[in-house]
Amino acid sequence: MSLEPVREPRRGSGRRNLLRALTGGGAAAALALTAAPAAPAEAAAAPAGQAIDPFAAEAFRAARGGRVREYWLQAESFAHNAVPNGRDGMTGMTFTADQTTFQAIGYRAYTANWGKPLPADLSPQGIGPNSGIPGPVLRAEVGDVIKVHFRNNDAHYKWPHSIHPHGVRYATSSDGGWMDDDPKAPGTAVPYGGTYTYTWTCVPSSVGSWPYHDHAAPQLPPRAAGSSSTSAGAGSAATSDSMESRAFGGGGPVMEIGAELGLFGMIAVTDATTPRVDREFVLFFHDVSASDATTLKQDLSLCSGGAFVDNAPTFTARRGERIRWRVGTLGNSLHVFHIHGHRWLGPAGWTDSQVLAPATTLTVEYAEDNPGDWLYHCHVAAHMMHGMAGRYRVLG
Ligand SMILES: [Cu+2]
């Protein structure tokens, strides 16, 4: 399932734009910049108060400047315990490691030529924890070209993988979406041990938060007994019948199973109107089913790889700081992003709960003024009970 991302509120209208105009700034990204920085990207959002014409060609010329932002990403498989402290800080439920550990796959960012893993960088310009789930935050400004050098080192499953981006502009050769009618299309099913380079351009309509994720050939999950997996491989994709039955517990190959097991991350594109912030939190709501991650004792609803309060990421801020959340979702479910004790300006006015469908995103910004320990969670009660909740700590 791949729906179009929810667009950010249009820059050219409303109060949000006024806020942006007042705050100005622009979050600069920095990672492995190559090529000479040229003049700032010419193209940008429409001036305040000016309506956007959806049919107008984007006022954008890549030659006008921008930089090449190179990322070296590797898909890696690893044992992952989604509940490392064994306890849900909200309900008090307890878990053992064998109940909540599965073989995950994640993207990690490396120095050039996959030399060594990049250190964590939790700053508003950083790649994040770089722990695998989610993958590194890929940052760029309008006018930049993102080049992702990808290597598949999925030593556990040995499945083909890819990277499919949302939000940026690219040729089909940089789409990463596998299809049975062209199973050898470049970059759509990079084999174990293989490499591929994707090239994506950040145009004015790329501003915002976008997911990227594995979109390679469907694969059969390992059998429940823990025996080694059977690879469906390119060219032996599921029929639509088996896909459908699998959704109800059938057992055929699974499309985007790599993304389910952790191969996803966030693209953050900014422009001159993007407000400067002191903290930026990247959060994914996603699901892992026990039928696909067969060592799990139950389906899990996760926040960036962790399930349940104090296992899901704890995000920390201070009173007086300017905060941005980039929230994304993947999987099969609708989610409702909610933070206790806080409100922000959404497309329809002030809100504290917003609905997200699979593969859509949300960019939330506010000034922090309410110290304390708060919950953030999905407000679908069943998801919260399966782990989709975490702690938001605001220091005074
Ligand atoms: Cu939910």
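Mentor: Two strands count as paired if DSSP finds at least two bridges between them, and strands themselves are DSSP runs (E, at least two residues; helices are H or I, at least four), numbered from the N terminus. The structure above is a predicted model, in which local features need pLDDT of at least 70 and side-chain atom pairs count only at pLDDT 80 or more, while totals for chains, interfaces and linings use all residues. Residues are numbered from 1 along each chain as its sequence is written.

Trainee: What makes strand S19 and strand S20 a pair, and in which sense do they run?

Mentor: Strand S19 (residues 372–378) and strand S20 (residues 389–395) are joined by six bridges, in the antiparallel sense, and the definition asks for at least two, so they pair. Within this pairing, His377 stands opposite Ala389 in S20. Both strands belong to an open sheet of five strands, in the order S12-S20-S19-S14-S17 and with mixed pairing.

Trainee: Why are strand S12 and strand S17 said to stand at the edges?

Mentor: Strand S12 (315–318) and strand S17 (353–356) each have a single partner strand, so one side of each is left without a neighbour in the sheet.

Trainee: How do you know whether Cys202 is buried or exposed?

Mentor: We count C-beta atoms, placed from the backbone, within 10 Å of the residue's own (20 or more others means buried, 12 or fewer exposed, and in between partly exposed). Cys202 has 28 such neighbours, and therefore counts as buried. Cys202 is in the loop between strand S7 (195–201) and strand S8 (208–213), and, leaving aside neighbours within four places in sequence, its contacts (C-beta atoms within 7 Å) include Ala140, Ile146 and Val269.

Trainee: Which residues touch the most other members of the largest nonpolar core?

Mentor: That core has 81 residues, and Leu73, Ile146 and Ile267 touch the most other members; a nonpolar core is a set of buried Ala, Val, Leu, Ile, Met, Phe, Trp, Tyr and Cys residues joined through C-beta atoms within 7 Å. Strand S10 (residues 279–288) gives the most to this core, with six residues.

Trainee: Why is Asp310 called partly exposed, and why is Ala359 called buried?

Mentor: Asp310 has 17 C-beta neighbours inside 10 Å, which falls between the two cut-offs, so Asp310 is partly exposed. Ala359 has 23 other C-beta atoms within 10 Å, and therefore counts as buried. Asp310 has a positive phi of about 75° although it is not a glycine, and Ala359, also not a glycine, has a positive phi of about 70°.

Methods. Contact = placed C-beta atoms within 7 Å.
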